[in-house]
Amino acid sequence: MPDLYQIILVANNVNRLAKFYRDALGFELTYPESATDLSKESWVTLNSGSCQLAIHGGGEVRTSGSVILSIKVDDLEFATFDLKEKGFDVEPIYEVAPGVKSAKLRDPEGNRLSLEQIS
């Protein structure tokens, strides 16, 4: 069976987008391994659980597509509070299915995200 191992987001500003996923969502930077300044990077990868998230500078950035990145969190209320405190606009939490709560937002490049708590 095929295994989705990586999602690549094309970015206008790799530094800003990588910092969002690292600092706001807590994904671990895997490449470059020890960079604190990402402003000169055109390729950054982050550990996002079972799938790697890659951020690539250049190419055509599109934010109107049908892709939504679903990110599982343990505590949705805390995650939305924390992101709002960091200045991000997060939509109200709602139940998308029995036992599944969600809150939508966009990353700094306009990509759609869905934070989800599954009980």
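Glu 77 touches Ile 93 and Gln 117, when residues up to four places away in sequence are not counted; a contact here means heavy atoms within 4.5 Å. The structure is a predicted model, in which local features need pLDDT of at least 70 and side-chain atom pairs count only at pLDDT 80 or more, while totals for chains, interfaces and linings use all residues. Residues are numbered from 1 along each chain as its sequence is written, and side-chain values use heavy atoms, with hydrogens and water left out.

Glu 77 itself sits in helix α2, which covers residues 76-85. With a relative accessible area of 56%, Glu 77 is exposed (exposed means over 50% relative accessible area, buried under 20%, and partly exposed in between, with a 1.4 Å probe and protein chains only). Ala 54 is 23 residues away from Glu 77 along the chain, and their C-alpha atoms are separated by 27 Å.

Stepping back to the whole chain, the secondary structure consists of two helices and eight strands. These are DSSP runs, numbered from the N terminus: helices are H or I with at least four residues, and strands are E with at least two. In sequence order they give the pattern β-α-β-β-β-β-α-β-β-β. The C-alpha trace spans about 40 × 40 × 30 Å along its principal axes. The radius of gyration is 14 Å, which agrees with the value near 14 Å for a compact globule of 119 residues; this quantity is taken over C-alpha atoms, and the globule rule is 2.2 Å times the number of residues to the power 0.38. Of the 119 residues, 36% are buried. Among contacts with a separation of 6 or more, 54% join residues 24 or more positions apart.

A pair of aromatic rings is described by the distance of the centres and the angle of the planes. Rings of Phe, Tyr and Trp (its six-membered ring) pair if their centres lie within 6.5 Å; planes under 30 degrees apart count as stacked, over 60 as edge-to-face and the rest as tilted. A search of the whole structure finds three such pairs. Phe 20 and Tyr 21 have ring centres 4.9 Å apart and planes at 85 degrees, so this pair is edge-to-face. Tyr 21 also pairs with Phe 27, and this pair is stacked, with 5.9 Å from centre to centre and 25 degrees between the planes. Phe 20 is buried at 2% relative accessibility, and Tyr 21 is buried at 0%. Phe 27 is buried as well. Ring pairs link Phe 20, Tyr 21, Phe 27 and Phe 88 into a cluster.
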